[in-house]
Structures are given as structure tokens and as C-alpha cells.
Amino acid sequence: MSAIFNFQSLLTVILLLICTCAYIRALAPSLLDKNKTGILGIFWKCARIGERKSPWVACCCVVMAFSILFVQ
């Protein structure tokens, strides 16, 4: 089944996108900072969410990992 139609898979993809963008911005900030608008601005926005809401994102990642490992 596609990640678009499965809600848990969609949440996993979004969390991985946020974490990946925040990590890339920590390593090479100029890569994401030059694309603040347009379609590539989504990655910049995900990086900002990952930086500013990092305790919440980390908590969501732990909950998602627990549900994938033990619930399914």
C-alpha cells in the first residue's frame, strides 16, 4: 500500500523528512537557506520545524518507533 493512503506511513515519511532536512541544514546551511520560496521551500520549512520544535519531533519519533516495532 502507498504511503499516501496509509496514515501511519504518511506520518513516518513526514517525520523522516523533517529530521533529514534539519540534519542537512545543520551540516550545510547554505544548501537550504537559498531556497526559502517555491517548491524547494518545503525543505527549508521542514528544517525550521525540526530546529524549533525539536523536543516535540524527537518525542514523535520515539512514539512512532515504538508503534512500528511493538504494535504492528
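A residue is counted as buried when its relative accessible area is under 20%, and in this predicted model Arg 25 is therefore classed as buried, its relative accessible area being 18%. Arg 25 belongs to helix H1, and its side chain forms a polar contact of 2.6 Å with the side chain of Glu 51. When neighbours within four places in sequence are set aside, the residues in contact with Arg 25 are Leu 32, Asp 33, Trp 44, Ala 47, Arg 48 and Glu 51.

The largest nonpolar core comprises eight residues, namely Leu 15, Ile 18, Cys 21, Leu 32, Cys 46, Ala 47, Val 57 and Met 64. Two or more residues of this core are supplied by each of helix H1 (7-27), helix H3 (41-52) and helix H4 (54-71), with H1 providing the largest share, three residues. In soluble globular proteins, nonpolar side chains tend to be buried together.

Helix H3 consists of twelve residues and spans 16 Å from its first C-alpha to its last, a value close to the 16 Å expected at 1.5 Å a residue. The buried residues of H3 are Gly 41, Trp 44, Cys 46, Ala 47 and Gly 50, and the elements that cover them include H1, helix H2 (29-33) and H4.

Terms used. Residues numbered from 1 in each chain as written. Predicted model: local features only at pLDDT ≥ 70, side-chain atom pairs only at ≥ 80, totals over all residues. Heavy atoms only, no water. Core = buried A, V, L, I, M, F, W, Y, C linked by side-chain atoms within 4.5 Å. Buried < 20%, exposed > 50% of the residue type's maximum accessible area, 1.4 Å probe, protein only. Helix = DSSP H or I, 4+ residues; strand = E, 2+ residues; numbered from the N terminus. Polar contact = N/O pair within 3.5 Å; in protein donor to acceptor, adjacent residues only side chain to side chain. Contact = heavy atoms within 4.5 Å. Expected span 1.5 Å × (residues − 1).
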